[in-house]
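Please read the report below alongside the sequence and the coordinates.

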Amino acid sequence: MTNAEIKSYREYLGLSIHNLAKLINVTHQKINSWENANKEHFIVPVEVAKIIMSLDKLADQFATELIKEILNRYTETQIIEKSIVLYRFETEEKLWQTFPILNNLPISFYMKCIFKEKKALEINYKCKVRI
């Protein structure tokens with residue numbers, strides 16, 4: 001993973017430099033130096049790339065599970081006819097209590113997952129989704 005890729009993934013996952021630094025147990029200055037490396041062929045450490053890729057996979061899995069939950073709760077006709085409401089959380093503690101799999105991840109990560117879910121529901125079921 002290159003310095004440009006780490007920054008792109010971090011932003012795509014809704015993580016600040018501080019969030020990512022905390023998750024991988026390095027300083028935010030270290031993340032900043034990786035992202036802004038001037039070396040043409042700079043490569044982020046393999047362990048860090050694996051963590052970032054696992055977070056990307058977690059985001060996809062989480063959004064898929066939320067969609068499955070909605071599909072189990074409503075019939076396809078009900079989904080099309082209703083306006084689906086996806087929950088926001090005011091604190092990370094409430095998020096973590098509701099979804100332990102997201103423990104230690106920021107609300108911004110959850111919101112990225114929710115926007116993936118919203119887009120999938122709107123495209124596949126032509127329903128209205130509110131957050």
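Predicted model: local features only at pLDDT ≥ 70, side-chain atom pairs only at ≥ 80, totals over all residues.

Residues are numbered from 1 along each chain as its sequence is written, and side-chain values use heavy atoms, with hydrogens and water left out.

**Overall make-up**

The chain contains seven helices and two strands, where helices (H or I, at least four residues) and strands (E, at least two) are DSSP runs numbered from the N terminus. In sequence order these elements follow the pattern α-α-α-α-α-β-α-α-β. Taken along the principal axes, the C-alpha atoms fill a box of roughly 55 × 30 × 20 Å. Of the 131 residues in the chain, 37% are buried, buried meaning under 20% relative accessible area, exposed over 50% and partly exposed in between, with a 1.4 Å probe and protein chains only. Contact is taken as heavy atoms within 4.5 Å; among contacts between residues at least 6 apart in sequence, 62% join residues at least 24 apart.

**Helix packing**

Two packed helices are described by the angle between their axes and the distance between the axes. The axes are lines fitted to C-alpha atoms, for helices over the stretch in contact, and the angles run from 0 to 180 degrees between N-to-C directions.

| Helix pair | Angle | Axis separation |
|---|---|---|
| α1 and α4 | about 30° | 10 Å |
| α2 and α3 | about 110° | 8 Å |

The crossing of α1 and α4 is left-handed, a term used if the near helix is turned anticlockwise from the far one by less than a right angle, with right-handed used if clockwise. Ile-6, Tyr-9 and Tyr-12 of α1 make this contact with Val-48, Ile-52, Met-53 and Asp-56 of α4. By class, the contact of α1 with α4 has six nonpolar, no polar and one charged residues, where Ala, Val, Leu, Ile, Met, Phe, Trp, Tyr, Cys and Pro count as nonpolar, Asp, Glu, Lys and Arg as charged, and the others, Gly among them, as polar.

Helices α2 and α3, by their angle, are roughly perpendicular to each other, and α2 passes α3 in a right-handed crossing. On the α2 side the contact is made by Ile-17, His-18, Leu-20, Ala-21 and Ile-24, and on the α3 side by His-28, Ile-31, Asn-32, Trp-34 and Glu-35. These residues divide into six nonpolar, three polar and one charged.

**The buried face of α3**

Which residues of helix α3 are buried? In this helix, residues 28-35, they are Ile-31, Trp-34 and Glu-35. Seen down the axis of α3, the buried residues fall within an arc of 95°, so they line one face of the helix; the arc is that of the directions from the helix axis to the C-beta atoms. What covers them includes α1 (3-12), α2 (17-24) and α4 (46-73).

**Individual residues**

Asn-3, in helix α1, counts as buried at 16% relative accessibility. Leaving aside neighbours within four places in sequence, Asn-3 is in contact with Trp-34, Glu-35, Asn-36, Ala-37, Phe-42 and Val-44.

Lys-22, in helix α2, counts as exposed at 64% relative accessibility. The C-alpha atoms of Lys-22 and Asn-104 are separated by 8.9 Å, although these residues are 82 residues apart along the chain.

Tyr-87 lies in the loop between β1 (83-85) and α6 (92-98), and is exposed, with a relative accessible area of 58%.

Conventions: Parallel < 35°, antiparallel > 145°, perpendicular 65-115°, else oblique.
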